[in-house]
Amino acid sequence: MNKLVVVDDHTLLSQAISGLVGSFENFDVLYTCKNGQELLDQLVFKDKQPDIVLMDVNMPIMDGIETTTHLKELYPDIKVLALSVEEDERTILKMLRAGARGYLLKDTEKTVLENALKELVTQGYYHTNTVTRLLVKSLDDEHTLTLKEREIEFIKHACTEMTYNEIADRMFLSPKTVQGYRDSVFSKLNLKNRTGLVIYAIKNGLFKP
């Protein structure tokens with residue numbers, strides 16, 4: 001059973017969401033909170049620590065972005081799924097960079113929410129097409145001057161089970177050239193190994209496991 005907490009300053013809405021999630025198979029809502037500080041106060045108790053937090057973004061005292069940042073640092077095993085009315089691109093990206101594993105709007109369908117929670121459990125992340133496009137656009141904006149098109153292509157191949165020699169064959173390049181791409185990408189993104197590259201690619205919407 002996956003334990004879940006709903007954090008939202010609107011009491012009726014949080015109760016409705018709790019009832020909805022409680023009807024999903026293998027999901028159980030432990031409790032609800034009105035803001036991030038209230039959640040952090042509860043998490044000091046081991047039996048109050050959930051697997052997943054459904055997090056609103058705009059809340060008094062401590063909002064979703066600040067709370068998610070604290071969770072990432074203090075409770076990294078807790079997965080945060082943002083559930084908000086905020087559609088602003090900057091807000092979505094801020095929430096994801098704070099550590100949220102996905103972002104849904106509150107007018108989403110029941111089946112979408114259930115699917116998102118299941119993917120969060122099985123894959124660790126849930127990104128809608130809209131969020132993925134935002135992440136890729138953000139990646140492009142940040143690394144346009146550093147990551148080349150062929151390096152991005154290499155990153156996508158590196159997320160598969162192919163060896164570097166197989167990647168070289170797929171890209172019609174020599175193994176030495178591919179090793180050069182690898183070293184360049186690791187240096188530009190400040191990564192040390194292929195595992196880190198895969199995590200980076202998933203987080204930035206370049207690869208979906």
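The model is predicted: local features need pLDDT of at least 70, side-chain atom pairs count only at pLDDT 80 or more, and totals for chains, interfaces and linings use all residues. Residues are numbered from 1 along each chain as its sequence is written, and side-chain values use heavy atoms, without hydrogens and water.

Start with the largest nonpolar core, which has 22 residues. Such a core is a set of buried Ala, Val, Leu, Ile, Met, Phe, Trp, Tyr and Cys residues joined through side-chain atoms within 4.5 Å. Buried means under 20% relative accessible area, exposed over 50%, partly exposed in between (1.4 Å probe, protein chains only). Leu39, Leu43 and Leu71 are among the residues with the most contacts inside this core. β1, β2, α2, β3, β4 and α4 each supply at least two of its residues. Helices (H or I, at least four residues) and strands (E, at least two) are DSSP runs, numbered from the N terminus.

Beyond four places in sequence, Leu43 is in contact (heavy atoms within 4.5 Å) with residues including Tyr31, Pro50 and Leu71.

His157 is found in helix α7, residues 149–158. Why does His157 count as buried? Because its relative accessibility is 14%. Beyond four places in sequence, His157 touches Met162, Ile167, Arg170, Met171 and Arg194.
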